[in-house]
Amino acid sequence: MDTPQAANTAANTAANTGKVTVIPTGAALGADIVGVDLAQPMDDATYQQIRQAWLDHLVLRFRGQQLVDPTFLAFARRFGTLDKAPKHAHGDVEDPFPEITVMSNIVENGKPIGNLGYGEAVWHTDMSYNETAPIGSLLYSLEVPPSGGNTGFNNMYRALETLPAELKREIAGKTCRHDSSRNSAGELRKGFKDVSDPRELPGAIHPLIRTHPETRHNALFLGRRPGAYIIGLPLDESEDLLNRLWAHAAKPEFEWYQVWKVGDLIMWDNRCAMHRRDAFDPATRRLMHRTQIRGDKPFFDPATLAA
């Protein structure tokens, strides 16, 4: 006779054999993936359904997951090689999962166990200040505050598609430097100088219009507003153009917000979606594990731009 545990295992395995339901959020981006247990093995058909949904909807949500770090990483590795975490929370202690970054405001024994704290994180693209940026990120919730700490996502395909024609022509072929001296919470990174003139800031230079290597669609590629500079323009012209682009890109009609529950896993396409985080009460706890899929160099293919 089958035990309840065996029956549950069979049900979970069956859920990972190509029978996946994709439910769009109804907003500018995002979809729920229903009928898959990410702690169980996944066949290729199921993976391909999820990958196509990711390309179609930019952000995917898997609710009610029960993951330990090895199964979290095993799922993420289906999409590519994972980056090592940029910073480890435990100092000299050997990290058994170096691809995981702990995102948390929790302090233990007087030391923070993770990164980014509890403040607001502005709209940004992960690690766009590098020559190659992650193609995607996965974030899994272990503890969530009773309110706040929500994560917003922004459809940069849609932002470019709806950009006024004259503004689109103005940015065609232009590049922007992405400041590497500060993080998305505005904090100066260790080893960097506080520089006020964005023309003097370090960081990678990328096209303002980015071609997605898989979908071949173009997206507005801004990175983050603070410290940005459009190469070759006088500073006042760069600031004006960036202000106009950001005023358009940050419109609510391009957004969708994730209100976190424990067990939620969110994955997003870093090539065409920006994200941000709401601040939350520092007296409450928020604990997330993040991993990132190793990236490629942003590029623009002029052949993809309609006349």
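**Group meeting: strands, cores and one loop serine**

We start with an open sheet of 3 strands in the order E12-E11-E15, paired antiparallel. Its edge strands are E12 (205-207) and E15 (229-230), each pairing on one side only. Helices (H or I, at least four residues) and strands (E, at least two) are DSSP runs, numbered from the N terminus. Two strands pair if DSSP finds at least two bridges between them.

A word on the source. This is a predicted model, in which local features need pLDDT of at least 70 and side-chain atom pairs count only at pLDDT 80 or more, while totals for chains, interfaces and linings use all residues. Residues are numbered from 1 along each chain as its sequence is written, and side-chain values use heavy atoms, with hydrogens and water left out.

Back to the sheet. Strand E11 (residues 175-177) is joined to E12 by 3 bridges, and the two run antiparallel. Opposite Thr175 stands Pro207 in E12.

The loop between E11 and E12 holds Ser181. Is Ser181 buried or exposed? Ser181 is buried, because its relative accessible area is 2%; the cut-offs are under 20% for buried, over 50% for exposed and partly exposed in between, with a 1.4 Å probe and protein chains only. The side chains of Ser181 and Asp179 make a polar contact of 2.8 Å. Such a contact is a pair of N or O atoms within 3.5 Å; within protein, one must be able to donate a hydrogen and the other to accept it, and residues adjacent in sequence count only if both atoms are side-chain atoms. Leaving aside neighbours within four places in sequence, Ser181 is in contact (heavy atoms within 4.5 Å) with residues including Glu187, Arg189, Phe192 and Leu201.

Next, strand E3 (residues 59-62). Val59 and Arg61 point one way, Leu60 and Phe62 the other, and all are buried. E3 pairs in the parallel sense with strand E2 (residues 31-34) over 2 bridges, and in the antiparallel sense with strand E17 (residues 265-269) over 4 bridges. The bridge partner of Val59 in E17 is Trp268.

Val59 also belongs to the largest nonpolar core, which has 38 residues; Val59 and Met156 are among those with the most contacts inside it. A nonpolar core is a set of buried Ala, Val, Leu, Ile, Met, Phe, Trp, Tyr and Cys residues joined through side-chain atoms within 4.5 Å. Helix H6 gives the largest share, 5 residues. Apart from this core lies another, of 26 residues, including Val20 and Phe79.
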